[in-house]
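Work through the exercises below with the sequence and the model open. Each task is followed by a solution in steps.

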Amino acid sequence: MEISHYVTTGTVKISTPGITDLSAVKAEVLEQTPDHIIHRLTYPNALEVVIQVNPDGIHFYSNRPLQQLQDGSLVLPVNK
């Protein structure tokens, strides 16, 4: 995963246009300790996101670039 983001407050919202069936998203817990949890989301459009939640914030990494919107949410750009 080459692209990283970091959030210290609030939540992370990632919009994935074209994905209407969220049950098709594969979710895996990779590691869980009292200090952090790491999980991976694999979308049917080949987007992979690894999220590490720590007491100080949320680190997340993706295999594709995400665009940050004015409201702070992220979106996977749609290629036309």
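**Exercise 1.** With which side chain does the side chain of His 36 make a polar contact?

*Solution.* The model is a predicted one.
Step 1: find the residue. His 36 lies in the loop that links β3 (26–32) to β4 (37–42).
Step 2: look for the polar partner. The side chain of His 36 makes a polar contact with that of Glu 31, at 2.9 Å.
Step 3: list the surroundings. With neighbours within four places in sequence left aside, His 36 is in contact with Glu 31, Gln 52, Val 53 and Asn 54.

**Exercise 2.** Is His 36 buried or exposed?

*Solution.* The relative accessible area of His 36 is 17%. Buried means under 20%, so His 36 is buried.

**Exercise 3.** In what order do the three strands of the open sheet stand, and which strands are at the edges?

*Solution.* Step 1: the order is β2-β8-β7, with mixed pairing.
Step 2: β2 (14–15) and β7 (67–68) each have a single partner strand, so they stand at the edges, and one side of each has no neighbour in the sheet.
Step 3: β7 and β8 (residues 74–75) run antiparallel and are joined by two bridges. Across this pair, Gln 67 stands opposite Val 75 in β8.

**Exercise 4.** How many residues apart in sequence are Leu 74 and Ser 15, and how far apart in space?

*Solution.* Step 1: Leu 74 belongs to strand β8. Leu 74 is buried, its relative accessible area being 5%.
Step 2: Leu 74 and Ser 15 are separated by 59 residues in sequence, while their C-alpha atoms are 6.2 Å apart.

Definitions and conventions: Residues are numbered from 1 along each chain as its sequence is written. This is a predicted model: local features need pLDDT of at least 70, side-chain atom pairs count only at pLDDT 80 or more; totals for chains, interfaces and linings use all residues. Side-chain values use heavy atoms; hydrogens and water are left out. Helices (H or I, at least four residues) and strands (E, at least two) are DSSP runs, numbered from the N terminus. Buried means under 20% relative accessible area, exposed over 50%, partly exposed in between (1.4 Å probe, protein chains only). A polar contact is a pair of N or O atoms within 3.5 Å; within protein, one must be able to donate a hydrogen and the other to accept it, and residues adjacent in sequence count only if both atoms are side-chain atoms. Contact means heavy atoms within 4.5 Å. Two strands pair if DSSP finds at least two bridges between them.
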